[in-house]
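Subject: The two-chain model, with notes

Hi there,

Here is the structure I promised to pass on.

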Amino acid sequence: MFRTSTSALALGIAVVGAAVFWRSSVVPAETTSSPTAAPFDQHMIWGTYKKYCDTCHFGPKARGNVNLETLDLSNLNVNGATWEKVLRKLRGREMPPPGALRPDEGTYKTLVTAITTERDRLADTRPTPGRPTMHRLNRAEYANAVRDLLGLQVDVSELLPPDDSGYGFDNIGDVLTVSPELLERYLLASGKVARQAVGDTKIPTAYQTYTVAHGLKQDDRMADDLQIGSRGGTVVEHLFPVDGEYEIAVELQRGRAGELLGNGRVRKLNLRLDDQAVHDDFTVPANRGRRADINTQVGKDTEQGYKVRIPVKAGMHTIAAAFEKDTVLPEGIQFRQRFDAIQSYFEGVGAISIVGPYNVQGPGDTLSREKIFICHPASADDEIPCAEKIFTNLVHHAYRRPVAADDIPALLTLYKQGAEAGGFEQGIRLALQKVLVSPSFLFRVELDPTDVSPGGVRQVSDIELASRLSFFLWSSIPDDELLAVAEGGKLRDPAVLEGQVRRMLADPRSQALVQNFAGQWLFLRNIPAVQPDPAAFPTWDENLRQAMRKETELWLESQMREDRSVVDLLTTDYTFVNQRLAEHYGMKGIWGNDFRRVAVEDPRRRGLLGQASIMAVTSYPNRTAPTVRGKWVLEQLLGTPPPPPPPNVPFLKEDAAHGKLSMRQRMEDHRTAPQCAVCHKIMDPIGFALENLDGIGKWRDLGGDEGTEPIDPSGVLPDGSAFDGPAGLRDVLVKRHDMFVENFVERLLTYAMGRGVEEYDRPVIRKIARDAGPDDKWSAIILNIVKSKPFQMIQTGEKGA
Amino acid sequence: MANVITGKKIDRRTFLYGTGAAVALPLLDAMTPAFAVESARPTRLGWFQTPNGIMNLQNEFFQKEAGALELGPILQPLADFKDRMLTFSGLDSQQAAGLGFEIAGDHPRACTAWLTGTHAKMTAGADIHAGKSADQIAAQHFGQETQLASLQVALESAEVVGSCEAAYSCAYFNTISWRDEQTPLPMEYRPRALFERLFGAAGTTDPKVLAALRQEDRSILDAVGEDVKRLRGKLGQKDRGKIDQYTDAMRDVERRIQRAEAQKDRDIPALEGPGGIPTVFSDYFKLMADVMVLAYQTDMTRVITFQMGHEMSLRSYPELGFTDSHHSQTHHHGEAEKIAKVIQINTFHTKMLAYYLDKLRNTPDGDGSLLDHTLIMYGAALSDANLHLYTDLPILMVGGGINGIKGGQHIKYPSRTPVTNLLLTMLDKAGVPKVDRLGDSTGRLDLAANSKSVDAASRRTL
């Protein structure tokens, strides 16, 4: 095939683009290293190479730039990247290419086993654990660290800018930079956090507004925290920094052009603090939306009335604002949404804002004060010793290591400066700011001992291992127990290590794995940004957006906590829905906004590929995108991304004639060119299998622009495997579950290490996947990652000049 | 209370009730600074964009003929400033044109091209691409002397749903300022956050409080500096690179604090920080305008880029007596009622500009007022928003008297003169070292009416 291609580009793509381990229906059990196998038979490998490979892959002009002459058969660690390429091609039976002289199946198996075994053996005996670049805390980690250190929930999206990503994750050491703007924000944040944490009675008045997502329908009870009998509204958790008075105000929901929503009935608005009403119900006059009485909106703030100023004690409190439920509902469409207008029968709550403190009474009694002030000075003489105790405790936890002698003096100097100006607690506050800005807090530091020579490998210290563990599983700092175990030198005991890992997985903080790992791996973080065109998807709304994300998050968390096989991600027969999502999925008899677990009766909907969230993030705003979906499956699930497209690819023609064609027919046009077909032949069938799920994940039997074209979800992959629809595609993927598991391991290892995966990690990934089998459970994979050489060890670096 | 220098009365602002937040903008105490401030004040630059074009079908914005400036109805609110104003016809943004295969996108291309003269790459993904904008060129130059290189302010949140087009990332709509071809700069829409960017979290401009904060920040950075030195000695080569990034950032922040220290005797009006976003648009504008004036006045920055609303803005203006959204009215298809509403909105916006210019005029700066030293371009990225045209852009400039600019005229340039030529001319007048080109620029403009002596280069047909 490749010999007849005319252009070099096509050649290159043909070679690479035949990423066709689809050719092989062989489950690659041959990647099992056999420790009892014969030693690496250099002679056999050499003979095979001479017979089948060296016509093309020899010397500086080797095809595809793969020159096998550079390999050293006595040491497969040399040119590891090439060996891994060879292995990949052999496993996929892609090389030698069809048309050339090829070995028989037995020889293929022997080759693959031999190379894999030897590579893996070397990885074990001469490990290359890599050396992640010193890792700056990303903003999720910063928020969690502050939460665990000081008992304070902070909104990092306000305080810190978003982080850059690499290799699909935002916790990659190389990519996380420090800019002057970022440092300024750290300084500003340290002031806000420290003052809130300490309960600074001089804290400046703060203005916090919690906005309800624009366009959210509020026609039912919105949350469990809102009262039964309530309709619409919202509930927020807010940290009140000190005892004092605060002004709490409610804004009503507005439409796209800023008009108040509602349709002409007087309403009662109920405002509660920690479930206690703080005021008589407000009376909301009849709003008529776009036909509103202009005088109520012109030049006046119509919402001066929905506020109270009340004394509140320091700490976290919930504030709920909601309307009384109607006893009788009108018929028909209650909420109409267009790109430029929203019309609603119901008023809604648009935002809750909190201003304060005024008339500060005192610092109050908060969790963060408890954590910070482990002592209170009994007298003036006691202040410095108490401050020292406080700093020792804070530094120990914030820097995640035993306190060093030179940690405390700088803090005491700052303390004195602050105390001089404002007293003991101000001194503590100022020093705490320094802790929060220090590189020992902001960076995960791993120091080579002075007596270790560069270019070798060493085990990371127990303390360093503890941080690796906590940032992996919790995206946060180690807790007391983990620190104690590490400092006691017990963490390397296999039973203890496993115990800690299991404890940490069971802890609620491991939700971070769902939020941060799975959220990025599966593109869930894109859900807030998708912009489905209301003309193409009239049923789309904000409620659906929120529900689809919540479904996948709840579902992933259940998979992890129930310690299922990761392959279940492809096949499970349950999910979580609320009324809105159930309607979307065509499930009957589900009422209310709360989520509950349900069985997925329709086999075509089971697993990841049946979830609306995944379908939404792999579509265009006005239609499905089979190629995008195909690429997503190949790349995110199987770890075999297609090569990038050539430049200047024109878009799909959107004219009327093409509207009559089904998506499949339209894309036929783009598969007639051979240099395109090579890759699209693999990507598109996968996407077509999912065509019944529209751009927001709703099932449809007919497609095309008018919704009149029948959908044919069948496909055949280049290796001959046929499938029909999502269920068929799923079966094909499950047959390749080894690839799925290896890809999962690769992704999770990237996330755990905070660096991209290199060729020397491939044997590690294979080993982890092997050791986690045959069940492939979440805990087994995680545990094997923790026990792996890259996680336990590090390459020693060159000392700086 | 009267201003002793100019004798003009400064209105005392009343408390504004925003979203449950009290805003105190008491009297601007602008009395003594004239003595404390150097006499040669630098030129400030400002770029004000208003969305969805400006009605000009019947010359409501500017006239047809070059010559003395006649104010159409939309410009009437600016009558007081006529002698400092210039309007231009013939300017356009060819880079806003759609290439054959591009789907829609007139709005995002237009607003992206306005200050960059580049063609926004059609993508809804992360690979957005445009070009560096004029304000950032200025920011790079002036930023060496001011605490903030530039400010970007908008009166619309970046989160308004349904306001981006399918094929173009929302990133294109949410800004007009680009640091480089891949980095759009966020536009701040929250009054509080804007204030904090200037004055920190203390929520006040009280110089004693600010000085105390600066002192604290300096001490923190000093203490951290010790940490860094110690840590660096123990790190390997690769990690030292990371720590050096941190050190560079520290030095930058320290420099900003030093600049603030050097300027501490400059009189800053005593202000309490604002709170939430006011519901009524004119209140919102005035609040943000006050903070922007403050930024110029305190020389925190000399470059401000401002958006009255994001391009394609759906905002409605109930205080004008109707609740139709701006964008929908601009697609009037000839209906008189819609056209009338558009004119009302456009006039309202220039009225807001008038407030801002008035405030600048009432703020002493050196031997004149801030307005004497500020060069502002105001206009829209589209001309006829009904047809999505970007030729003959409605642009005015306020800056008569600066560096020889003669106000009170309408200048007619040959059609298809790139607006980037005007941007370069502005940069020249403000004293930015000569910039060779910007986007699709072809030269400079001669800011003289009846001028046939436009740069030879800009006579080139595009």
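Below is what I found, starting with the chains and moving on to where they meet. Please keep in mind that this is a predicted model.

**The two chains**

Chain A has 801 residues, of which 56% count as buried. Its secondary structure comprises 29 helices and 23 strands. If you take the contacts in chain A with a separation of 6 or more, 73% of them are between residues 24 or more positions apart.

Chain B has 462 residues, and buried ones make up 63% of them. Here there are 11 helices and 14 strands. Among contacts in chain B between residues at least 6 apart in sequence, those joining residues at least 24 apart come to 72%.

**Where the chains meet**

On the chain A side, 68 residues are in contact with 67 residues of chain B. Together the two chains bury about 5800 Å², and carbon and sulfur atoms account for 59% of that. Three residues stand out: Met134(A), Leu187(A) and Tyr207(A) supply 10% of the area that chain A buries against chain B, more than any other three residues.

Between chain A and chain B the count is 8 salt bridges, and 16 residue pairs are in polar contact across the interface, with both residues at pLDDT 80 or more. Several elements of chain A each bring at least two residues to the side that touches chain B, namely α7 (180–198), β4 (243–252), β12 (349–362), α10 (408–422), α11 (424–437) and α12 (439–442). The largest share, 8 residues, comes from α7(A). Sorted by class, the side of chain A that touches chain B holds 30 nonpolar, 16 polar and 22 charged residues.

Which residue of chain B does Arg429(A) pair with in a salt bridge? The partner is Glu216(B), with the closest N and O atoms 2.9 Å apart. Arg429(A) sits in helix α11 of chain A and Glu216(B) in helix α6 (residues 207–234) of chain B, so this pair joins two chains. Both ends are covered: Arg429(A) is buried at 3% relative accessible area, and Glu216(B) is buried at 14%.

Another bridge between the chains runs from Lys434(A) to Asp227(B), where the closest N and O atoms are 3.0 Å apart.

**Salt bridges within each chain**

Over all chains, the whole structure has 78 salt bridges. In chain A, one of them pairs Arg119(A) with Glu84(A), at 3.0 Å between the closest N and O atoms. The pair links distant parts of the chain: Arg119(A) is in helix α4 (residues 105–125), Glu84(A) is in helix α3 (residues 80–91), and they are 35 residues apart. Arg119(A) is buried, with a relative accessible area of 2%, and Glu84(A) is buried as well, at 6%.

Chain A also has a network of salt bridges, which links Arg147(A), Asp148(A), Asp479(A), Glu481(A), Arg503(A), Asp507(A) and Arg509(A).

In chain B, the side chains of Glu145(B) and Arg302(B) form a salt bridge at 3.0 Å, N to O. Glu145(B) counts as partly exposed at 41% relative accessibility, whereas Arg302(B) counts as buried at 6%.

**Two single residues**

Is Thr112(B) buried or exposed? Thr112(B) is buried, with a relative accessible area of 0%. This residue lies in helix α2 (residues 106–116) of chain B. Leaving aside neighbours within four places in sequence, Thr112(B) is in contact with Ala120(B), Ala130(B), Tyr172(B) and Trp178(B).

Gly773(A) is in the loop between α27 (762–772) and α28 (778–787) of chain A. At 30% relative accessibility, Gly773(A) counts as partly exposed. Gly773(A) and Asn526(A) are 247 residues apart along the chain, and their C-alpha atoms are separated by 32 Å.

Key: Residues numbered from 1 in each chain as written. Chains lettered and ligands numbered in written order. Predicted model: local features only at pLDDT ≥ 70, side-chain atom pairs only at ≥ 80, totals over all residues. Heavy atoms only, no water. Contact = heavy atoms within 4.5 Å. Buried area = accessible area lost by both parts, 1.4 Å probe. Salt bridge = Lys/Arg side-chain N within 4 Å of Asp/Glu carboxyl O. Polar contact = N/O pair within 3.5 Å; in protein donor to acceptor, adjacent residues only side chain to side chain. Helix = DSSP H or I, 4+ residues; strand = E, 2+ residues; numbered from the N terminus. Nonpolar A, V, L, I, M, F, W, Y, C, P; charged D, E, K, R; others polar. Buried < 20%, exposed > 50% of the residue type's maximum accessible area, 1.4 Å probe, protein only.
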